[in-house]
Structure formats: C-alpha cells, structure tokens
Amino acid sequence: HSWRGDIQQPWQATVCGYPISIFFIVVNEFCERFSYYGMRAVLVLYFKYFLRWDDDFATTIYHTFVALCYLTPILGAIVADSWLGKFKTIIYLSIVYALGQVILAVSAIHDITDANKDGTPDNMGFHVALSMVGLILIALGTGGIKPCVAAFGGDQFGDHQEKQRSTFFSIFYLSINAGSLLSTVITPILRAQECGIHTQQKCYPLAFGVPAALMVVALIVFIVGSGMYNKTAPQGNIMVKVCRCIGFAIKNRFRHRSSQYPKRAHWMDWAEEKYDKLLIAQVKMVLKVLFLYIPLPMFWGSRWTLQATTMNGDFGILIIQPDQMQTVNPILILILVPIMDSIIYPLIAKCKLNFTPLKRMTVGMFFAALAFVAAALVQIQIDQTLPKFPSSNEGQAKFINMMNKSLPIKAGANQFMLESFTANEDYLTFDKPFELILGDGIPEMVSLSDGTRNTMVIVQDGVQPRPIAFKDITSKPEQGANAIRFLNGFASTVNVTVRNEDFGDIVTNNMSKYIAVPQGNAEFLIRNNAGQVCVYNQKFGFGSSYTYIITPTFAFGPNCQEGIRPVLDIRPNSIHMAWQIPQYFLITAGEVVFSVTGLEFSYSQAPSNMKSVLQAGWLLTVAVGNIIVLIVAEAATLPDQWAEYILFASLLVLVCIIFAIMAYFYTYIDPTKIEAQFAQKEPDEKQKRKSLEMARKDSVEHYKGDRRSSDSSSDSSSDEDDVIQQSKM
C-alpha cells in the first residue's frame, strides 16, 4: 500500500489514465439517478390518481419531498466525513434507499387492501402510511449518498491527476443526466400499462418497482468495485470540531475587542489559543467557499413546463406533449458537456484567456438570465394569442341560435344577425346588466355573474324565442388538452362517449359536462335509446375548447355527421413549442458551465477531511433555490407570467454581478499543499517536545542516582525545575 495523507491507496489499475474504480462509481450513479428520477416522474400522478389527493396537496407534498432530498445531504456528509467514511456511508444508506423504493412500490399495489375486489383500496390510510415511510427512507437515502458519491469519485485520483479528475466530474454529470433522461421517458410508459390481480389498473407497482430494482443493481455494482477503491479514513466528528472552533474564535475575538490588543490577520486566528493551526487553516478554506455559495441558490430558478401547456407541440413527424418538453434539458446536457470539455474550454485556453472556475460560474449565471429573458419574449407572443377572459368585475356571453330560422339579436350596444344552429364568433363583455332583445320579442334585462363566461342558447318557446344560460370555462384547458362538450338540440335524449370517457345522457336543449380530450384524432360515439350509433371524427390540436351542437335536424345514419356543428370557444395553441428551444439551450449551456464547474470547484477547494461537507453545501444551494422559487411565485403576485420571468432574469443578473465581485477577490488554494505545510510543522514541534521529555527524564534519573549525596541534591532539583520550566515553555 502507498499512502497519500490519510488516504489508503491500494494498487490501482488504470484505463487511459483513469482508475478503473471510477467506472463502477459512474455506473452506480447512472442507476441511482435512473431510480430517483423514474420514481419522481410518476409521483405527482400517484398522489393524484391513486391516493386521490387534490392538486394543491399533491404539489405541496411533492415539493416538500424534493426539498428534503436536497437538505438531507448535510446529514450524509457529516456521517461520512466524521464517523463511517464515504464508502460505508454509501453502502448503508443505499440499503435504506433501496428499502424505501421497495416499500413505495408495495404501497402502490391496490389489491393488498381491496377485500371486496372493486378496484379501490378499502384502507387508503394503510397505502398513505406505507408510501410516506417509503418516501422518508428514499429522501434519507438519496440525500445521504448524494454528496458522498461525487466526493468519493474525486478521492480516487492522485494529486497528479488534476485533468482526469476534472473530466471525471463532467462524466459524472453526464451519467446523472443520462439516467434522468432515460427514466423520465421509460417510467411513464411503465405506469401506462394495466396490471392487477382482481382489477386491471394503471401500473404504479411496476413504475416504482423498476426504479427499486435499479437501486439494488446500483448497490451491487458499487460493492463489486470494493477492492479497487481508495477509502479515506473518517477523522472524528469534524462538523462539531469546526463549529466549536468557529464559536471559540468569535467569542475570543469579542473578548479582545478593545484597541489595546494587537489585530490578527484573519478573525479565525483568534482560535489559536485552543485549536491547532491545521484545523484553523481547514476552517478558513471551508468558510471561503461557503461565503461564495451565498448568492448561488438564485441560479436554480423555476422551469417552464407550464409555459409549454399553452403551446403547440406538433412537430410533424413527432407530437411532443407539454411535460415531455422538459427532456430537452437532459438531451442538451448530453450533447453540450462533451462539446464544452473537448472543444470550447481547450479553444479558450489556446486563446490564452484565463477562464477560471469562478469566471465559468459567472458566465453560467449570465446564460441563465438570458434564458429567462428569452422565456419572457416567448410568453409575450403567447399572451397575444390567448383569449381575453373576463376580469373579476365583468361577465362574458356568447349566443347560439337553436331555432330553425335566422334571428336578429340586440345585446346591450351590440347588434348582429345569427343564422340557424350557429353562434357569434367572439364572447361579448359586459360590466353591468344589459338589455337583451331577441328578434321582435320583448326586451329583458340580463345580469351575468362577475368573472364568468356564459353561453346563451336560444330555443323556440311557443311563439317567442327564450334564452337558456350555461356556464363556460374561464381558463385554458390543463396540460394542453382540449375541453369538449355537447349541446343536444335533438328531439330525444342521447349519450356521447369518447375513448373511455362518458359525457353522460344529455336531454333535449341541455349541455353536457366538459371532458378533456388529448391532442390527436378523437372518435365520438353518439347513441340513442333505440341503440342507434353515430360515429363523429375530429382532429384536435393543443389547448382548444369546443361546443358541439347536435342540431334538431340531426338524423342517425351514414350522413349523421352533417347534423353536428362545431362552435369554437377557445382557439387552439398557435405558438410552436420549438420557440422554447433557444431558452432551453441557454439555460442548459448555463447549467453545464455552472453546475459541472461548481461540483469540481467544491471538491478542489475543500480540505481533505471535509470533501463531502462542501459537496453537501453545494446541494444545499439547490434546496434553497427550490424554496426561493416557491416563495417568489407565491409572494410576487404578478398579473403576467412574462413579468415573473423578467423578475427572475433581473434577480439573476443582480446575483451574477454580486458573485462576479466576490469571485474577483477570491484567491485559489491548494488544500493538500497547505495541509502538508502544517503537517511538516507538527512533527518538528513533536520532536522538540520529545527531546525536552528525554532531557527531563535524564535529569530525574540523575537526581535519583545522586540522591544519597546531599551536597548535589539542590543542584539536581534546580536542574529538574529548569527542565520542567523549559518543557512548560
């Protein structure tokens, strides 16, 4: 065995200058991230459709879980650096993690408590309890091993392998994104399968079970490489030491605050009375980096899934759903990391530009700010295509003429003619009750509820036309779906179905409920009580709303489609999702420059006994960033989405400037050199102490030997006192 500081270094086989052990670490990280992101991809759907929680509660629990996963790294780091060492911490917490995944998968089996075999669990509390236990174990596991795996990978390199270590952090980041990309594509497909013993349902046990299996694979792969790893010995409870050292320095500085005491170079030097210089030097290194981290959480700003729901995802050969647009981020990372590492950075180095890690991180932040500006520009374009919904003190109305003749209508100041079985094109807006005159009928006052959209269906009532009001939706349909409903003007009750959805029985002159129909071709089946069926086909885009009129002249038969009239209430999304690619490119370029560099910087600037702690500090900025996003989104009640994006961009530019100033004053250090200097000083001091002890021992021996001769006793005792005095000094 050779030794490097306190790192036990077994003989290492290398491939292209890289230790073989890191391949095990990269494969382990790929499997672990696949497992984590796969489970996360279907988690909100599991809360919503299996545990039957409402949207708000599901989202809150989801965000709490994600924040917890980024807060627990601190615990993992403390355990690794001060107690178990990184290797054992990764193994023990991976077992906890795999157990959590298995428990979550079991909690999703509806047949466990389904005694009456009706497909719904009879004891939902049992499933909720199991899934919460599973999620807590997962948060402990994933968070606990997160800081250790990256730092453990860094430990595999010697001091002479600076370049390889830097590339390792890039490959490590690639494996994270490859795992997350594959799992976000695969897990929803697994969820969509039907499974079950008594009743077939969406297959959550499979969607959670595959990630659980991969976690077990990750653990096995990691253990297989055991013999090849460098394993750093943990160094006592380092966090407690660091906190006490800082506390003592502050207290001591406060005690000696008057001007009579000489100043010291750094406020941490006030701890010298009690702590050794090596520890103080290490604390200084950590504090320097942590201080730099203060502005970083702002980088982990919000993402744009919601924006995609108001866009058109038809790419011709490919239809992209709004939630799939997020996969552009990991795809671009897989492309950009190698380009940055093998082309961009070497080119910058050739141009003799000193592109230091902190400069890279500043550029990364600037890219992220530009991405939000791009998102705001796209949002302004989208807003121009969105319908104008009523404000809180307005009502809107649209009129449909169900009479078999054209009808002049006067509504407030608006006058128009409606042909039979048609509607006026746009909603009319009214801020107070208005006078409605239908044909040559009697005027009547109509009052609309504030903030509502209404459809006034005009039917023949004896001689006079009569309006019937129905409430319409007042927002774009969710997730890019299309809100569809039917108005039955036919003489008898009809039933309408589409895919597995049922509009229910619609009586004459009545409106069905809305059903969300996804993009693509839809086949509507219209049936009457006599068992006759009419098939009506429609092709939908994204985010539209239609009312389909089954006219009084409708008849079942081969030409039944002619008796159905579409009324467009909300136009389909027209701005293409491809417009999001520039902002995704900018944020990803920013992330590659910022994140990979940040991981590597945290490792290279950390003292040997606090590598994991600084990795955890880095992950903590992500947690705080998620919390900031939630707070800003809640607190800044900006009326327009684009304004929120501009707010994020401005905050990022501000933070970018602050960070650039802080980075300018930062001096890079080599922790191993500093530690080596102190390590050299210590043996010298120990040697001095040892020789003093020897001198003292000799004099004591000498004193005992000559004790009988009284005349020399006083000399030897004074000698001994001198030695004792000397040794105390």
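**View 1. Asp461 and Arg466 in the predicted model.** A residue is partly exposed when its relative accessible area falls between the buried range, under 20%, and the exposed range, over 50%. Arg466, at 38%, is therefore partly exposed, and Asp461 is partly exposed at 41%. The model shown is predicted. Asp461 and Arg466 form a salt bridge, with 3.1 Å between the closest N and O atoms.

**View 2. The salt bridge between Arg485 and Asp472.** The side chains of these two residues meet at 2.8 Å, N to O. Arg485 belongs to strand E17 (residues 482–488) and Asp472 to strand E16 (residues 464–472), 13 residues apart. Both Arg485 and Asp472 are buried. Through shared partners, salt bridges join Lys398, Asp472, Arg485 and Asp569 into one network. The side chain of Arg485 also makes a polar contact of 2.9 Å with the side chain of Thr547. Thr547 sits in strand E24 (residues 545–550) and is buried, because its relative accessibility is 0%.

**View 3. The salt bridge between Arg571 and Glu425.** The N to O distance in this pair is 3.6 Å. The two residues are 146 residues apart: Arg571 is in the loop between strand E25 (564–570) and helix H14 (581–604), and Glu425 is in the loop between strand E11 (422–423) and strand E12 (428–430). Arg571 is partly exposed at 48%, whereas Glu425 is exposed at 61%.

**View 4. A positive surface patch.** Arg244, Lys251, Arg255 and Lys274 form the patch. Arg244 lies in helix H9 (residues 238–255) and is exposed, with a relative accessible area of 58%.

Definitions and conventions:
Residues numbered from 1 in each chain as written. Predicted model: local features only at pLDDT ≥ 70, side-chain atom pairs only at ≥ 80, totals over all residues. Heavy atoms only, no water. Patch = residues over 30% accessible without salt bridge, like charges linked within 9 Å, V, L, I, M, F, W, Y side chains within 5 Å. Areas by Shrake-Rupley, 256 points an atom, 1.4 Å probe, with all protein chains shown as cover. Salt bridge = Lys/Arg side-chain N within 4 Å of Asp/Glu carboxyl O. Lys, Arg positive; Asp, Glu negative; His and termini not counted. Charge placed at Lys NZ, Arg CZ, Asp CG, Glu CD. Helix = DSSP H or I, 4+ residues; strand = E, 2+ residues; numbered from the N terminus. Buried < 20%, exposed > 50% of the residue type's maximum accessible area, 1.4 Å probe, protein only. Polar contact = N/O pair within 3.5 Å; in protein donor to acceptor, adjacent residues only side chain to side chain.
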